[in-house]
Structure formats: structure tokens, C-alpha cells
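Dear colleague,

Please find the structure below, handed over for your files.

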Amino acid sequence: MANAALDPHAAIATTASGAPDRLTTADGRPLVRALARSQSKARRRAFLLVAPLLAFILITFVVPIGQMLQRSFHNDGFSANMPQISAWFAETPAGTVPDDAAWTALAADLTASAEARSIGVVGTRINYDLAGSRSLFTSTGRKVRRGIEPPYRDALLEMDEDWGDPQLWSAMRGASSAVTGNFYLAAVDRTRDEAGKIVQVEENRRIYVTLFWRTFWLSGLITALTFVLGFPIAHLLATLPMRKSNLLMILVLLPFWTSLLVRTTSWMVLLQQQGVINDILVWLGIIGDGQRLQMIYNQTGTIIAMTHILLPFMILPLYSVMRTINPSYVRAARSLGATSWTAFRRIYFPQTLPGLGAGAMLVFILAVGYYITPALVGGSSGQLISNMIAMHMTDTLNWSMAAALAALLLGAVLALYWLYDRLVGVDNLKLG
Amino acid sequence: MKRILMLGTAIGLVGAPAMAEVNLLSWGGAYGNSHLEAYAKPFMAETGTEVVMSDADNPATPIKAQVEAGNVSIDVASVEYADAVRLCDEGLVEPIDPAILKAADDGTEAMDDFIEGAVTECFVGTDVYSMVLAFNDDAFSDAKPATPADFFDLEGFPGKRTMRKGAKFNLELALMADGVPAADVYATLDSDEGVDRAFAKLDSIKDEVIWWEAGAQPPQLLADGEVSMAYAFNGRIFNAAQADGQPFEIIWDGQIYEMEGWVIPAGAPNMEDAMEFVAWTTAPAPQARAAEFISYGPPRRSAAAMVGNIEGTDQPMGPHLPTTDANMTNALGSDLEFWVDHDAELNERFNAWLAG
């Protein structure tokens, strides 16, 4: 209703519906209906124009991402292939000691799953929660294919005594429903203990929370650095005469157009211990041959390379905003007695905020998802969360975990975007 | 991630099935070239079946994506052993009947001719590669390093090291350097104390290690003098030494070997041609031929003697292969069961250790 009140056409319509005989078209139809019809035709036409793009985005972007994110909370690797034991878990409360019915159900499911060659899927699913259990399932699967006799508890324990492990049963219970929050728990270094309580994982496996913090802290630092470095350049670009500023602009754009890998590799050539910069420092006698600086394969390398690569994303929005700032405002402030610092701080800088906001947002969001550069120059201390997502995508093939980490990253970025909107206002963005 | 998805889409678009065609997914680079020269081209010449090659970072990823999406365009793919087992367990690749494999020239049954473990339910091995220690000869003027223990000896053999960023291989190497015999490495790693021991050993050189991610990095770092020793794939070191004349030496003591080979994705569009391709290319002669292009050894015993000179030179390839007897004296076969089980757990611990 609030929206309708804001719409001028709707306003007429509201009045018209109040007094239908007063507002009609020339051929006697109620104006409100004629208007709605002509408007809907225009709307339909407009929609048809954007429909191809909408379909394209839906098919290539929204649906795949949605499917991927669905894996973060939906994994039926266990529940779909082990229906009987899953049903037993659903009927009994957490922590129940497995009874005869449970062992019978487990043996039946294992046999069926081994026959259907899905035992690996089952084992893989449990292995996500309890390392080392995948081979327990596959080896037991090979054995039960040869036959299994009751009593099933003794038969299974005979095959492998790990079947009696309460942690295994707890992991199976966790996997017995397709919808699970366990991947999100794992993504924040948490797990469930035997009683189903949420606890931290062992200290030497806690990694994701550290990496999330590091990712956001480094992205923030890189954003600040691009601002400090980019602001004066953008100002220079905006105020120099056209001929000179064009030349300078090419210097900004040239690296922007160069391949990311080329730029990253160039930094390796420059910064490594036997690299150009260290060679020059040694040659100048500033440092000895034995004290070559370690500037790459650590956090420093990640910060330097990423700041350089993301710099144009800060400079370009700043530049486009600074071009439009009328120089007479600053002159007026100066003529009214402001010092150059006050004029800058109170008159010039606030006018650059839309560009700064857009630049900072672009740089930060790109930095949060950066992958190749930290992988190549990051060493041990420059790893970001995206490197772990890549590891789960390509090495461990645990796509549910990758999706959970990605979803958390996406959520955090959206939260920051919302915060930004509350503090600065998205309307204030100017991207170019 | 984006690259993989794009690649997956690209493959999906290209793979319209046609008559007598095999879509082969390989790794690219020198390794992919050996597939092209030793397998694809001769196979096309002999059978008339067209082989369409494409590359992926790790072909196991597109297989999983394609089979799960129900849109399979790959007929044969080259994957690592551990991935093959995992894909097979999950029903993502077809079983391959060992009866189709060709016997050795002297009549030995195929299954007796392949080395142990080279043929599994869904996998036929094409080559054996290994992780080896290598050093830049220019970095050490007097004594040369010769064992895994020397790699961890920063005083005797100064200089930075480079190792693969990941738990696999590094933990095994650390234990071997710490005095664990190759045969006991995985039994030791299976206990918490064993893992602690491996990490403690890695701790001793942690500050001097540059971690590599792409296979091309270690030869580069060695050549630049950035590191004095590297732990890398033998093929990469060999290529840099052979083709670029770099003064790199390989230490075969403590090598960890693994296999790569063919799998056929479930629901491959040209199943029969794919089976024929697998059988044809895993015969001894093509396997020996492939080893002339890259220093990965053939997994068939009868093929070892058939390997000739390094392609384009008159030097024999034999001494550079991981499978040559002299290089196997203290070698460790990578235990895929162990790694499929503990991959995630140990990598998390490894990354936590790195970050700490």
C-alpha cells in the first residue's frame, strides 16, 4: 500500500475506484482499467526486452550458484544409500546405544549399498566427519558381498572392531538426514561430540576461523593501501591538462589490461631473494649478500602483489568522481579564509566520497575472493580462505565443505554490504 | 573454481557425440603431449577413430561435475590413482574388464605383465611418476646431498628448500628423513604419534621452505637460485635439466612413486571406442613409446626394456625413469587408501600448521 501511494498512476487509480463514474475514457471504459491495460502492455514489452538477459543470468549464474550452495546443507550420500539405519536414527534419540535392530539395519544397508556400488559414496560422506572411516566402509563392503550371517553385531565387529566406535555412530547419526548443518560447523572449526554437543575441533586442526579473519583483515588493509596510493594519482589524473593526464591514464590502464598471472609472476621476479630489488640493494651496498630481504612467499608478498593488482579498481572510480568536482568550490573556501588542509578536508574530500565508496567496495570484495595471487606468492602466512575452498573443490572433492565455506564468505560480504548501505548509503556509489 | 566451471561448460558444449570418435581429457603440457604423440596419433592412424583431446587442471573434477549433472562428453580421461579409486567407489566411472587388455609380446597375460596395483576395477595404469628430491648442482661445491636426511640438514647443505603445499608426500618424506624405513612409513603415519613426529621433523626446516603450488614452480625456483633443493615431480626436473640444460640432479633415494592412468566416466558417449582406446594404448609398445616423451615409467614389466632414446636425442631414457631398478632401491609406493581416508584431516592439520 505504501508503494502504491508513491506511484502517481496508482494514486489516480485509487481515486478513480472511489468514484468510478467520474473518470472514464472517451469510449466509456473506466480509466483505471484502461490505464492498467496500456501499462501492462508496456511492461510486458519491457520485460520481453530484458527476458533474454534475465534467462541468461538465471541459467548461467543463479541456478549453478544456487545448486552449489545447496550442497553446503544438503548431502544425501549417506541417507539415500543407507535407508534402514537412517530410519533407526530418526526414531531414537541422540546417544542411544545401538541395539539389535540397529545392527540388523546396518548390515542390510551395507549389503545393499555394496551391491549397488554406492558404498564409496557412503564412506566418503562419513569420512568428511570422521577421518579414516571411508576405508572402513569400502573394506567392509567388499566383505559383506561375500556374505554376512546374524548375529550382525558380532559379525561386523569381527570384520572390523571400529564398528563399535561411538564416534562412528555419532557421525552416522549426523549424516542420517540429508539436510545437515555439519558442514557449516566444520567451516567454523566446530564439530559434534559423541553426545551431539557442539565443540571445537582439536587445536591442531583449527584453520578456517583463522583464515576467515586473515582474509577480512588483509582485504581491509589492501583496500586502505589502494586508497592511500590511489587517491593522489586519481587527483593528479583529474586535474592535469588533458594531454598529460591521458598519458598518465595509459600508465594506469596498461597493467589493468595485462594478464593477472603475468603481473603476479612479474612480482615474483622483482621481489624474490635472488630477484631484481634484492640485487639492486646488494649492489648499492645497502644490505649484505647474506641479508637479502624476504619480501615474497609470505604475507608481505601477498599484500604487495594484491595492492598493485587491485589499484586500478580504486583509481578509476575516484578519478571519474574527481573529474566532476568543480574547482571553484575549493577556491571559494580558500578565499573565505580556509587553510589548504581545511579546504581539502571539508570541501574537496567529502565530494570524492561516492568514488571512494565505490572503489573501496570493489577492491574489498575482489580481495576477499582472491585466489591465484595468494596461492602463488602467499607462502605459508599469505594463504586466504579462497585457497581452502579451492583445495576442497579440486583436491579432496568435498564440494559440500567448499560450498559451506563459500556460503559463509558470501554471507559475510553481504553483511558488510548491508552495513555499508546503513553507514554510507549505496545510493552514494559512483562506479564511473 | 571459476576456471573449472567454465571448463566444464566448455567441454559440455564441445562434446557432441559423432561416429567413431573418442573424447580424451588429459592434463596438457609435456605430459599431455606424450599422450598425443604416443597414444592419440598412432591410434588414429591405425584404427581411423578420431581422438579429440582437451585439457583440464585435474580431469577428475570435470568427471565428477559431468556425471553428476548427467551430461557426459568425456570418453576417456587421465587421472591420478587416488582419484580413480575415489571415483570408482562413488560409481562415477565405468568398470573396465581386464580381459580386454592386450597380452605382452612374449605371450604373458596382461594382468601378470602389469606391476602390482596398476589395474583396478575401473582403472588401467599408463605411467608411473614420482616425487623426488632434486638439487641445483651449482649450489653445492663440495659434498652433494644424497638422502632425504640431507634435505633436512640445513647446516650441511645450506639454502632454502621448496616443497609442495600440502600434506601428501611431505609427511612421508619427513618420516623417511627421520629414519623410518620406507616399508614402515604408512604404518607410522597411521598413529597420532607418527603424524606428530612427521610434523616435528618438518618444523626443523619450516622457516626455510618456499611452498609451491604449480608443478612448474620448483624448476623455476631452482633455476633462479632462490632455493638450493627442491622436492618435486621427477618429470618437471627432468625436462628442465634435459630441454633447458639446467644443472639439476635428482636424488632417487626416498622417491615416492604413484600411478596415473585411464578411467572411463560412467555413461561415456562412445563407450566401445573408449574401451578399444584403453586396450590399444596400454599395450607394451605404446607405453614404452610414451616414456620416450616424458620421464614417467611404463607400468608394464615387458615395456621397460622397450623404452628407447629420449625423443629427439641419442641418449637412453632408461636411467631417468622412476621404474628403473637402480632408482627403486629405497622407493616408497604412495598408499592411496591411506590418503583417500586421511586427505582432508591431514590437510587441515597441515594448513593449520602452516598458518601457525
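**Helix 11 of chain B**

Helix 11 of chain B is followed by Gly245(B), whose phi is positive, near 65 degrees. Helices (H or I, at least four residues) and strands (E, at least two) are DSSP runs, numbered from the N terminus. This is a predicted model, in which local features need pLDDT of at least 70, side-chain atom pairs count only at pLDDT 80 or more, and totals for chains, interfaces and linings use all residues. Residues are numbered from 1 along each chain as its sequence is written, while chains are lettered from A and ligands numbered from 1 in the order in which they are written.

Helix 11 of chain B (residues 234-243) is largely enclosed by the rest of the structure, because 8 of its 10 residues are buried (20 or more other C-beta atoms within 10 Å of their own, C-beta atoms being placed from the backbone). Among the buried residues are Arg236(B), Ile237(B) and Phe238(B). Their cover includes helix 2 (29-47), strand 4 (124-136) and strand 8 (248-263) of chain B.

**Contact between the chains**

In chain A, 39 residues are in contact with 32 residues of chain B (C-beta atoms, placed from the backbone, within 7 Å). Helix 6 of chain A gives the most to the side of chain A that touches chain B, with 7 residues. That side divides into 16 nonpolar, 19 polar and 4 charged residues (Ala, Val, Leu, Ile, Met, Phe, Trp, Tyr, Cys and Pro count as nonpolar, Asp, Glu, Lys and Arg as charged, and the others, Gly among them, as polar).

Yours sincerely

Notes
Contact = placed C-beta atoms within 7 Å. Buried ≥ 20, exposed ≤ 12 C-beta atoms within 10 Å, placed from the backbone.
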